[in-house]
Amino acid sequence: MEYVIVLPILISVLIGVLLLISSFVSHTREKSKAFISDNFKYTGVVSLITLFVCVAITLYVAWFGPDDIVLFSLVDDIPIHFHIDDLGRLFVTVTSIVWLMVCVYAIKYMKHEGEERRFYGCYLIVYGVLVALDFAGNLITFYLLYELMTITSVVMVLHKGTKEAIMAGLKYLFYSMAGAYCALFGMFVVYQHCHHLNFTAGANLNEVLASENREIMLVAVFFMLLGFGTKGGMLPFHAWLPTAHPVAPSPASAVLSAIIVKSGVLGVIRTVYYVVGPDFIRGSWVQYAWIGFALTTIFMGSMLAYREKVFKKRLAYSTVSQVSYIFFGLALLDPVAMTGSLVHVVGHALIKCSLFLSAGLFAFKTGKTHVDDFIGIGKTMKVTLMAYTLGALGLIGIPPTVGFISKWYFASGALKADLNVVSILGIVVLLISALLTAGYLLPITIRGFFPGKDVQIEEKEEKLDSMSGVIFIMAILALLIGILPNPIIDFAREIVATLF
Amino acid sequence: MSSYFMLIAVLLPIVGGCLIPLLPLNKRSWLAIYTEFIVITTSVLVFLIIVNRPDSGFVVFDLTKELSITLKLDETGSVFATLVAFLWPFATLYAVEYMRHETHEKTFFGFYTMTYGVTLGIAMAGNIVTLYLFYEMLTIVTLPLVMHTLTKEAIKASRTYIYYSLGGAAFAFIGMVYILKYGSTADFVAGGVLDMAKIGNGTDLMLLVYVICFCGFSVKAAMFPFSAWLPKAGVAPTPVTALLHAVAVVKAGAFAIIRVTNFSFGTEALKGTWAQNFLMVLVIFTIVYGCSRGLKEPHFKRRLAWSTVSNLSYILFGVITMSPMGLLGAFAHMICHAFMKITAFFCAGSVIYKTGRNYVYELDGFGRKMPKTFFAFTISGLALMGVPGLCGFVSKWDLAKGAVTNNTVLSFVGVAALLVSSLLTAIYMLSVVVRAYFPGKDFDYSTISDVKDPNWMMTLPLIIFVVVMFVIGLNPSLLMSQLSEVVDTVF
């Protein structure tokens with residue numbers, strides 16, 4: 001019965017592969033049947049239905065199904081092992097919701113991008129891989145899926161096939177590989193000093209051995225943090241993110257920025273809190289270096305976003321900065337701050353998704369990608385810009401949005417963690433970054449609605465369609481979490497309580 | 001099984017190959033059938049010998065009273081023999097189709113078949129003299145294969161090849177003489193044969209000789225600074241570069257190093273000495289050096305050859321850690337790398353066979369036109385990078401584990417080198433893959449409209465190798481349980 005865990009993963013990967021093959025075949029054959037030719041109209045709908053079925057099974061399995069399955073072994077009797085715990089449930093639920101909604105958006109959007117079947121094929125495969133990643137029960141399984149995720153998601157970055165897209169795709173691939181190999185280096189060492197590699201709340205370090213080789217272990221953990229941090233765009237390996245995310249088609253940039261970067265976060269949480277244990281690195285140079293990297297990234301990301309004029313790039317820099325909020329919360333090694341991180345994972349996923357989707361819709365309807373061209377855009381796209389503003393307010397952290405709640409937890413966590421100067425510095429950086437966030441997100445709203453007297457734009461009524469509807473739903477969901485935060489906070493607290 | 005079957009296995013391809021120019025094989029298909037028949041018969045024979053391994057050695061003849069040419073197959077030799085015997089029939093099948101567009105086929109298949117026998121001789125060598133004899137023979141029989149096209153470039157390459165190889169063998173000879181003088185016997189005995197009483201205070205000399213001998217044999221395994229011949233030898237027809245310069249010849253070098261390290265000098269005497277550290281530095285350097293040269297190389301086959309340089313040093317790294325875990329990784333990588341690299345080379349060969357294109361930048365858009373070939377190439381690239389689920393990860397995992405258990409600074413540097421090299425591998429392999437599948441939006445497919453996959457003789461080996469890569473990757477215990485038994489007999 002426990003094989004039901006593998007079911008959603010298999011279905012989505014299988015259908016995805018079929019779509020990819022059919023896309024490939026239609027190119028290699030001169031004549032092809034109607035249902036595998038590129039003008040088949042219902043590719044999007046078919047994918048949506050498949051995805052819906054997969055999401056339904058996934059959520060059922062995650063919340064009500066069996067929670068453990070051991071498959072064949074990969075190396076040294078370390079098996080492919082899926083184990084569903086609360087952290088996995090949180091991540092998989094967010095992933096599923098976002099993935100499904102973006103798919104609704106994509107049906108219309110991808111019509112004008114072309115190569116629909118290749119896109120949906122990858123989209124489904126990556127979903128399967130991500131579900132498996134969230135369910136992974138040991139470090140080897142996690143690593144396997146982490147690599148697979150990189151390799152399959154790169155096709156989405158390459159989608160447009162322009163020279164710029166190809167270079168960005170390669171950059172994405174090689175940065176991610178570099179990160180993965182850093183993590184692998186750490187894994188080799190950590191493996192020697194652990195009882196086993198299964199994720200255990202708290203830690204499963206062999207403490208005698210580990211304290212004997214403390215220095216090399218710290219180096220190993222540091223490399224794992226850097227490695228998994230690469231996916232989250234943490235310094236020093238952040239440069240790929242602002243290049244790769246904007247060149248993908250908007251639905252792909254949305255999921256890349258909202259969900260796939262979070263797998264780096266998941267990797268870090270699994271390493272620090274489920275294998276090595278927070279106590280092992282508390283007070284060591286690793287913790288301080290980690291906090292340093294996270295804070296620098298927060299500040300630098302916001303700064304660069306503020307200076308960037310291409311809208312999607314600006315949002316990508318914003319992702320760099322925002323994900324490092326999460327890393328900062330984790331690096332404090334404090335229960336309160338970590339609660340904030342988990343809330344921010346959810347909030348940022350929803351908000352950044354809605355922002356990227358609105359960027360896509362602006363480009364889709366008006367062809368404008370540059371921030372300076374957005375003057376007066378509220379006159380013609382009122383609905384979208386309103387949804388965008390809702391999301392932007394959430395990201396800045398104005399109460400009562402979700403951004404405020406997570407920031408509140410970061411700040412109180414930082415004060416509680418008792419790291420003297422670092423705590424104060426952290427709070428200062430958070431505040432400056434919040435100001436910068438307002439500075440790079442809000443002018444679009446202000447100038448969009450109030451272009452000034454000398455700009456003449458004909459007002460047009462924008463109807464709510466499937467695309468702007470999705471953006472709205474996401475922004476409202478984020479807002480609702482902000483107004484009624486208790487269920488999520490309680491859930492996050494339960495997870496955190498098992499770890500400290 | 002009687003021990004003289006080993007002699008038959010070695011002699012059958014050698015004699016069979018010699019006969020090719022003499023026999024009236026006028027039609028091409030007769031030549032193909034004859035060659036394939038000899039190769040398959042030998043392989044079957046080798047498998048039978050391995051399954052019912054004869055306990056005693058077979059003395060072919062005596063050179064002097066103490067020195068004899070002996071064939072003896074132990075567990076370590078079986079690993080190499082199995083690998084070679086499995087790959088040769090497939091490579092021959094590929095060669096039969098590939099050589100259609102080359103000349104002098106009779107000479108080619110003659111030497112190609114003889115090489116099989118000589119390689120088996122190396123695998124079955126029972127003492128260091130026999131090993132040395134076959135090792136020298138290997139240089140000589142493969143020389144005409146490198147020279148095959150008789151272009152100026154090929155002749156130059158073969159000259160480089162022979163200078164390097166004979167020079168290396170001369171160094172190895174010093175090691176052999178030392179073993180004969182200071183060892184209790186010339187035979188291969190697990191744990192080494194050195195007689196410490198005879199050596200007395202001369203341990204430094206012993207280590208120096210070991211370093212010289214290691215370097216000598218490492219010429220064939222293309223360790224830095226002796227690696228320059230291998231990419232040059234890429235001018236040979238692809239079946240030669242694929243089978244000989246990625247498997248048989250280069251791994252014969254690695255195999256000989258395993259023999260002298262674990263069976264003649266013995267790890268006991270070598271572990272923790274300056275010799276080990278010195279060689280480890282060279283090996284680690286080669287791992288990174290080979291990859292970075294590969295990265296710069298636009299010529300498709302030469303790029304793969306540089307990759308071989310780096311990967312061969314993975315094997316040597318496993319050996320030089322001198323731990324059971326490291327040797328296990330070395331054996332595993334010997335086998336896994338064979339499958340990965342032969343696949344990659346066969347893909348390069350298919351491109352040359354079908355279009356005559358040699359450079360990486362000429363491969364735009366080929367993914368759509370040669371789907372089977374480039375699927376196989378993608379898989380081999382991912383495997384070489386060490387993506388879990390494919391065979392490359394299995395061997396890399398064991399190599400790294402062996403190094404980490406060693407727990408010295410240098411071995412951690414080695415692990416880092418393995419990973420840096422993985423990253424570089426990702427760059428030079430995947431940039432080809434991306435180019436083939438995503439040639440750019442404006443790419444005009446009509447310029448390559450006549451490009452197609454080659455026929456089954458060239459794609460069947462690819463498909464089988466891809467399946468093997470997946471099987472080893474997903475179920476490594478199949479392979480590793482066998483190999484760890486072998487390692488247990490060594491330590």
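What does the pLDDT of chain B average, and what percentage of its residues score at least 70? The model is a predicted one, and chain B averages a pLDDT of 90, with 100% of the residues scoring at least 70. For the model, the scores are ipTM 0.89 and pTM 0.92.

**Core and buried positions**

The largest nonpolar core holds 391 residues, and those with the most contacts inside it are L316(B) and I342(B). When neighbours within four places in sequence are left aside, L316(B) is in contact with S218(B), A221(B), M223(B), A254(B), I257(B) and V283(B).

In chain A, A106(A) sits in helix α3, which covers residues 86–109. A106(A) counts as buried because 29 C-beta neighbours lie inside 10 Å, where 20 or more are required. Not counting residues up to four places away in sequence, A106(A) touches G44(A) and P251(A). A106(A) and M467(A) are 361 residues apart in sequence, yet their C-alpha atoms are 7.9 Å apart in space.

**Helix packing in chain A**

Two packed helices are described by the angle between their axes and the distance between the axes. Helix α13 (residues 311–331) of chain A packs with helix α18 (residues 421–449) of chain A at an angle of about 155°, their axes being 12 Å apart. That angle makes α13(A) roughly antiparallel to α18(A), since angles over 145 degrees are classed in this way. The residues making the contact are R314(A), S318(A), S321(A) and F328(A) from α13(A), together with G426(A), S433(A), T437(A) and Y440(A) from α18(A). The crossing of α13(A) and α18(A) is left-handed.

Helix α16 (residues 382–396) of chain A also packs with α18(A), the axes coming within 9 Å and crossing at roughly 165°. The helices α16(A) and α18(A) are therefore roughly antiparallel to each other, and their crossing is left-handed. On the side of α16(A), the residues L385(A), Y388(A), T389(A), A392(A), L395(A) and I396(A) take part, and they meet residues of α18(A) including A434(A), T437(A), L441(A) and F449(A).

**Contact between the chains**

Between the two chains, 28 residues of chain B are in contact with 26 residues of chain A. On the side of chain B that touches chain A, the elements giving two or more residues are α17 (391–406) and α18 (409–437) of chain B. Of these, α18(B) gives the most, with 10 residues.

**Backbone geometry**

Most residues other than glycine have a negative phi, and most peptide bonds are trans. The table lists departures from both patterns.

| Site | Feature | Value |
|---|---|---|
| P399(A) to P400(A) | cis peptide bond | omega near 5° |
| F224(B) and P225(B) | cis peptide bond | omega about 5° |
| A222(B) | positive phi, not a glycine | phi about 60° |
| M322(B) | positive phi, not a glycine | phi about 55° |

P400(A) lies in the loop between α16 and α17 (402–417) of chain A. In chain B, P225(B) belongs to the loop between α8 (203–218) and α9 (229–232), and A222(B) lies in the loop between α8 and α9 of chain B. A222(B) counts as buried because it has 30 C-beta neighbours inside 10 Å. M322(B) is found in the loop between α13 (300–320) and α14 (324–355) of chain B, and M322(B) is buried, with 21 other C-beta atoms within 10 Å.

Key: Residues numbered from 1 in each chain as written. Chains lettered and ligands numbered in written order. Predicted model: local features only at pLDDT ≥ 70, side-chain atom pairs only at ≥ 80, totals over all residues. Core = buried A, V, L, I, M, F, W, Y, C linked by C-beta atoms within 7 Å. Buried ≥ 20, exposed ≤ 12 C-beta atoms within 10 Å, placed from the backbone. Contact = placed C-beta atoms within 7 Å. pLDDT = per-residue confidence, 0-100. Helix = DSSP H or I, 4+ residues; strand = E, 2+ residues; numbered from the N terminus. Axes fitted to C-alpha atoms, helices over the stretch in contact; angles between N-to-C directions. Parallel < 35°, antiparallel > 145°, perpendicular 65-115°, else oblique. Left-handed = near helix turned anticlockwise from the far one by under 90°.
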